[in-house]
Amino acid sequence: MALRPTGDLMKLRNIAIIAHVDHGKTTLVDRLLQQSGTFRDNQRVQERAMDSNDLERERGITILAKVTSVLWKDTHINIVDTPGHADFGGEVERILNMVDGAIVLVDAAEGPMPQTKFVVAKALKVGLRPIVAINKIDKDEERHQEVINEVFDLFASLDATDEQLDFPILYGSAKEGWMATEPSGPKATMAPLFDLVLDHVPEPKVEPGFFRMLATTIEANPFLGRILTGRITSGVAKPNMAIKALSRDGRIVEQGRITRVLAFRGLERTNIEEAEAGDIVAIAGLSTATVADTLCAPEVENPIPAHPIDPPTLSMTFRINDGPLAGREGDKVQSRVIRERLMREAEGNVALRVTATPDADAFEVAGRGELQLAILIETMRREGFELTIGKPRVLFLRDEESGEPLEPFEEVVIDVDDEHSGVVIDKLAQRKGEMVEMRPSGGGRTRLVFHVPTRGLIGYQSELLSDTRGTAVMNRLFFEYRPYKGELPGRRNGVLLSNGEGEAVAYALWNLEDRGPMMIEPGAKVYQGMIVGEHSRGNDLEVNVLKGKKLTNVRASGKDDAVLLTPPLRMSLERALAYIEDDELVEVTPQTIRLRKAILDPNDRKKAERARAAEGGAIA
């Protein structure tokens, strides 16, 4: 591992890489690590080294911001990989306060996308002067000149200063490992990008005085306890030094000592004896301090100003799994264990809010969007948790003057083949969306821009893919709160419910096919009140999926027909969450996703329905 250069002060640059999901950001970091000599020539490194989370590698997105460091010409360059998805935006805002420059990475064919816009807006707001890198220039459909104009227009629309608009541009291919000042090359190395970072990005601003650092990310380590990462604003940090934590309003949160100072060197974190102002380091030793707190020497009185975090827009109820099959697959089923896991998640993820409910076995979890909450559920599921999840609900605000409810709206950008644009416009109009732009995006495709209520987008992704035969690409971004748009059309079909507990039989499923499509396969374990299919009509229907064929000892002249079943509807986690109604739940276990009624017993369900109808009548 390269050691820090000798001298009075370490030469430093701190930069963030901003890009849309799948525009090559993490691949670029891999190439920078390789070409700066961080990896040995014979070292096996997995592709996309910085997407360290299993879910990130599967979904091809960056969820958690990570820091790495490379040494180039005696200068340490700390590189922060920011999440490219708006649902994880709470992370982005804090990261940008750690860095002094940003590389905006844009696909040479697709151009700047909504999430790029989201992070760039935050970066320009904190005064960063970006470098624009046009990636994937080797694509046949690249159109670098139009993309540069689009980037300029984007910066101008986000109120960039003249200095920010005068951005340097590089072209290249992270996959092939080169960057150059011209699209034609030379197609050699990443050196032009490294040199431009040294020339264009200023050194970290260091303030005089005692040690101060704003905590920007947090993680729990089984050996070191709570680890807080941030950039040192002033002073030095040493192990065993006395420090305190101040909240945003100046309250003392905690006092303690630093047990470890960890610096980023390559992909590893290394113990160091002293960290200087300007460096990005991780500090262990405190147990209560969290993100947006200021860690400082005991003499310091004033906290570093921290950005308030955008509020959550969507909430779901996380409950224990109280179904008949509970505890068969997962080992973490108690409400106490679920509560501890959710509280631990909320500690490190400030865009998430966990609150208790009147029911001791349920917790209200509010976050930035469907994706963020679905990823939390998927992560917990892989850790061995069993949960039931309620229907996602949007969080409303009240207009202070008029008192009327306000709901979150999102800006939705959809790239779709021309022939399918009509059905997309129609579907989003039904979901109370307003089209604000429609223009050709080249290659027989149209780019549509809508403002749609967040409620209207729950579960739209799968519908969009089936409407457009998988050709549409949708990107969404929180836009603003607007007056409530009224009721949205719900699910039109009822569901088929199992009336008993056991294993589904192929013969029974075959006989029920004319009632509607099934969601289970023969041999699947079912129980009373579990949803086994979609009814072809508007009401719910209880069916028997356990009934086998009655056999006799009389020989028939014709051989029995083999049962041929239509393949069942496959429910992914996101699709299941979008599908359920208010009185239904998604049961999530490490191996299975089931849908069920909240009240399993049919008699209790009828009583609850009558009580609800009586309440509705009394209110009317």
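**Close-up views of a predicted model**

**View 1. Strands β22 and β24 pair side by side.** Nine bridges link strand β22 (residues 405–417) to β24 in the antiparallel sense. Two strands count as paired if DSSP finds at least two bridges between them. Strands (E, at least two residues) and helices (H or I, at least four) are DSSP runs, numbered from the N terminus. Val413 has Val449 of β24 as its bridge partner. Strand β24 (residues 445–453) is mostly covered, with eight of its nine residues buried. Buried means under 20% relative accessible area, exposed over 50%, and partly exposed in between (1.4 Å probe, protein chains only).

This is a predicted model: local features need pLDDT of at least 70, side-chain atom pairs count only at pLDDT 80 or more, and totals for chains, interfaces and linings use all residues. Residues are numbered from 1 along each chain as its sequence is written, and side-chain values use heavy atoms, with hydrogens and water left out.

**View 2. Eight strands form an open sheet.** The order is β11-β10-β15-β8-β9-β14-β12-β13, and the pairing is antiparallel. β11 (252–257) and β13 (268–271) stand at the edges with a single partner strand each, so one side of each lacks a neighbour in the sheet. From one strand to the next, the twist averages 35°. Axes are lines fitted to C-alpha atoms, for helices over the stretch in contact; angles run from 0 to 180 degrees between N-to-C directions.

**View 3. Strand β14 is a covered strand of this sheet.** β14 spans residues 280–284, and five of its five residues are buried. Ile280, Ala282 and Ala284 point one way; Val281 and Ile283 point the other way. In a regular strand the side chains alternate between the two faces of the sheet. Strand β9 (residues 225–234) pairs with β14 over five antiparallel bridges. Ile227 has Ala284 as its bridge partner in β14. Strand β12 (residues 260–265) joins β14 through four bridges, also antiparallel. Ala263 stands opposite Val281.

**View 4. Strands β10 and β15 run antiparallel.** Three bridges join β10 (residues 242–246) to β15 (residues 294–296). Leu246 has Thr294 as its bridge partner in β15.

**View 5. Helices α10 and α12 cross.** The axes of α10 (residues 421–430) and α12 (residues 460–467) come within 10 Å and cross at roughly 155°. The two helices are therefore roughly antiparallel (angles over 145 degrees; under 35 is roughly parallel, 65 to 115 roughly perpendicular, the rest oblique). Val423, Val424, Lys427 and Leu428 of α10 make the contact with Tyr460, Glu463, Leu464 and Asp467 of α12. Contact means heavy atoms within 4.5 Å.
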